[in-house]
Amino acid sequence: MYYPIQLPFLLNEEFTRVMTYREKNCSTENQFILCFWSMFPKTDQKSRVQNVIIADGCIDLIVDFDRKIIGFSGTRQTDFDYQIQSPAYFFGARMVPGAFHQLTGVSAEKAMDKFILLEEIFTDFDQEKFFSLGFEAAQEFFQQYLVEKFAGLEPNKFTELFPRLANNIPKQTQELYRQLNFSPRQSQRLFAQNYGLTPKMVLSILRFQKCLQILTAQQAKPADILAVTDYYDQPHFNRDFKRYLGITPLELLARYKN
């Protein structure tokens, strides 16, 4: 199973003071949708906060409820400075890597580090009715729509790949190519189309998310994680970890304990 972790409530004290972030895990019920998530204000006080969006290989369908915008977007690298003007209301669906391309037929490259309006792909979503609803009712409408969109689809080899690799991550891209029985050139093209990522990026994201799951699931020391994630040395591990999260493993452990 691949269930990537987002931790805005641990990475920015101001975000935690101002906003609430929640997830509803759907991965046991739906093979394409990992979770439905929401963000909403704790107070009506006006403030500007930063949301940290961790690179996880996913493309989300995102609703900016205040601005009445809905569309698909993913990120190749962690976004440390996604500005939110609160009070603000957002919700969305985090989809399995590869699900966007399988659902829409559109290359994932077009949604990575970009924003594609839903109406540019599907014309059957009643936005007028949707944005006339309250925040909670709109979430129910949105969830039902997306579940129905995936109805009848079966995961292909690319939507199954992240879950398959998550517990046995190849050490190098050459090992990945052998497992897939694709040439390096084929892999580059197919990964760009299905994920908007290179094979090297995919392995890096899988390793980091594995680290994150261990650190947030149990009281582990960074040294214990090296054997699991195949980082070559402590400096390499810390460097990659900080590139993805902005803090060191020890800092994350300290915050998670609190």
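**Helix packing, aromatic pairs and backbone features**

Arg207 is buried, with a relative accessible area of 16% (buried means under 20%, exposed over 50% and partly exposed in between, with a 1.4 Å probe and protein chains only). The model is predicted: local features need pLDDT of at least 70, side-chain atom pairs count only at pLDDT 80 or more, and totals for chains, interfaces and linings use all residues. Residues are numbered from 1 along each chain as its sequence is written, and side-chain values use heavy atoms, with hydrogens and water left out.

Arg207 lies in helix 9 (helices are DSSP runs of H or I with at least four residues, strands are runs of E with at least two, and both are numbered from the N terminus). Arg207 and Ala111 are 96 residues apart in sequence. Their C-alpha atoms are 23 Å apart in space. Helix 9 covers residues 199–217 and has 19 residues. From first C-alpha to last it reaches 27 Å, close to the 27 Å expected at 1.5 Å a residue (the expected span is 1.5 Å times one less than the number of residues). Of its 19 residues, 15 are buried, so helix 9 is largely enclosed by the rest of the structure.

Helix 9 crosses helix 11 (residues 234–245) at roughly 90°, and the axes come within 11 Å (axes are lines fitted to C-alpha atoms, for helices over the stretch in contact, and angles run from 0 to 180 degrees between N-to-C directions). That makes the two helices roughly perpendicular (65 to 115 degrees; under 35 counts as roughly parallel, over 145 as roughly antiparallel and the rest as oblique). Residues of helix 9 in contact include Met201, Ile205 and Phe208; those of helix 11 include Phe237, Phe241 and Arg243 (contact means heavy atoms within 4.5 Å). By class, the contact has ten nonpolar residues, one polar and one charged (Ala, Val, Leu, Ile, Met, Phe, Trp, Tyr, Cys and Pro count as nonpolar, Asp, Glu, Lys and Arg as charged, and the others, Gly among them, as polar).

Helix 7 (residues 173–180) packs against helix 8 (residues 184–195) at about 85°, with the axes 10 Å apart. Helix 7 and helix 8 are therefore roughly perpendicular to each other. Leu176, Tyr177 and Leu180 in helix 7 meet Pro184, Ser187, Gln188 and Phe191 in helix 8. This contact of helix 7 with helix 8 has five nonpolar, two polar and no charged residues.

The structure holds 24 aromatic pairs (rings of Phe, Tyr and Trp, the last by its six-membered ring, pair if their centres lie within 6.5 Å; planes under 30 degrees apart count as stacked, over 60 as edge-to-face and the rest as tilted). Phe36 and Phe142 form an edge-to-face pair, at 6.2 Å centre to centre and 75° between the planes. Phe36 lies in strand 2 (residues 33–41) and Phe142 in helix 5 (residues 135–150), so the pair ties together parts that are 106 residues apart in sequence. Both Phe36 and Phe142 are buried. Ring pairs link them into a cluster whose members include Phe40, Phe65, Tyr89 and Tyr145.

Most residues other than glycine have a negative phi, and most peptide bonds are trans. A cis peptide bond joins Ser86 and Pro87, with omega about 10°. Asp113 has a positive phi of about 65° and is partly exposed, at 46% relative accessible area. Asn181 has a positive phi of about 60°. Asn181 sits in the loop between helix 7 and helix 8 and is exposed, at 68%.
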